[in-house]
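Thanks for making time for this.

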Amino acid sequence: MKRFLAGIVFITYSLFLIYWMFFAFSRTEGGEFRYNFTPFSTIKNYFTYYDHFPFHIWIINIAGNIGVFIPFGIVLPILFPKLSNFFLFIFAFVIGITSLEVLQLFSMLGSFDVDDIILNTVGAVIGFILLQIMRIRKATRKKRR
């Protein structure tokens, strides 16, 4: 039952994120490739020039890119037990999110930003750690009985 629910959450949340990444925020074909291949340059700009960005833009681009991927760190290892291995999880997640970023680049519906991959991965890792904490707590409670 837990895997079934994880599957429902995964499919629903994935569709939501695909819509958000490709069609929300009035994204239209821009006719140009927009990209950043330099790790931490966008992140650095948000922290260095924080006073040049409205607070909501800062939150969306830093905290949002982390927060929206926390659920994947919880759901993916439940849905695919092999992804309970941290390194396999990171590998699979980075391949998946990089694929979406490349699609954004070539569809010209958004941009490719290596910093988005970094922030999204941080979010997924937070979710993964939270899942491990929940599993440890559950195992500890079972031992006490």
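Predicted model: local features only at pLDDT ≥ 70, side-chain atom pairs only at ≥ 80, totals over all residues.

The second largest pocket has a volume of about 240 Å³, where a pocket is, on a 1 Å grid over the protein atoms alone, an open set of points where a 1.4 Å probe fits, with protein on both sides within 12 Å along at least five of seven lines. Grid points are joined across faces, edges and corners, and the volume is the space filled by probe spheres set on the points. Its lining comprises 15 residues, with Phe10, Phe72, Phe93, Gly96 and Leu100 lying nearest the centre, and a lining residue is one that has an atom within 4 Å of a point. Helix 1, helix 4 and helix 5 each supply at least two residues of that lining; helices here are DSSP runs of H or I with at least four residues, strands are runs of E with at least two, and both are numbered from the N terminus.

Residues are numbered from 1 along each chain as its sequence is written, and side-chain values use heavy atoms, with hydrogens and water left out.

Let me turn to helix 1, which covers residues 2-22 and reaches 30 Å from its first C-alpha to its last, close to the 30 Å expected, the expected span being 1.5 Å times one less than the number of residues. Its buried residues are Ala6, Gly7, Ser14, Leu17, Met21 and Phe22, and they fall within an arc of 110 degrees seen down the axis, so they line one face of the helix; the arc is taken from the directions from the helix axis to the C-beta atoms. Buried means under 20% relative accessible area, exposed over 50%, and partly exposed in between, with a 1.4 Å probe and protein chains only. These buried residues pack against helix 4 (70-79) and helix 5 (86-107), contact meaning heavy atoms within 4.5 Å, whereas the face turned away carries the exposed residues Phe4, Thr12 and Leu15.

Now the aromatic side chains. How many aromatic pairs does a search of the whole structure find? There are 17, counting rings of Phe, Tyr and Trp (its six-membered ring) whose centres lie within 6.5 Å, with planes under 30 degrees apart called stacked, over 60 edge-to-face and the rest tilted. The rings of Phe10 and Phe80 have centres 6.3 Å apart and planes at 90 degrees, so that pair is edge-to-face. Because Phe10 lies in helix 1 and Phe80 in the loop between helix 4 and helix 5, the pair ties together parts 70 residues apart in sequence. Tyr13 and Phe72 form a tilted pair, at 5.6 Å centre to centre with 55 degrees between the planes, and it links helix 1 to helix 4 across 59 residues. Within that pair, Tyr13 is partly exposed at 22% relative accessibility, while Phe72 is buried at 9%. Ring pairs link these residues into a cluster that also includes Phe16, Trp20 and Phe128.

Finally, a point on the backbone. Most residues other than glycine have a negative phi.
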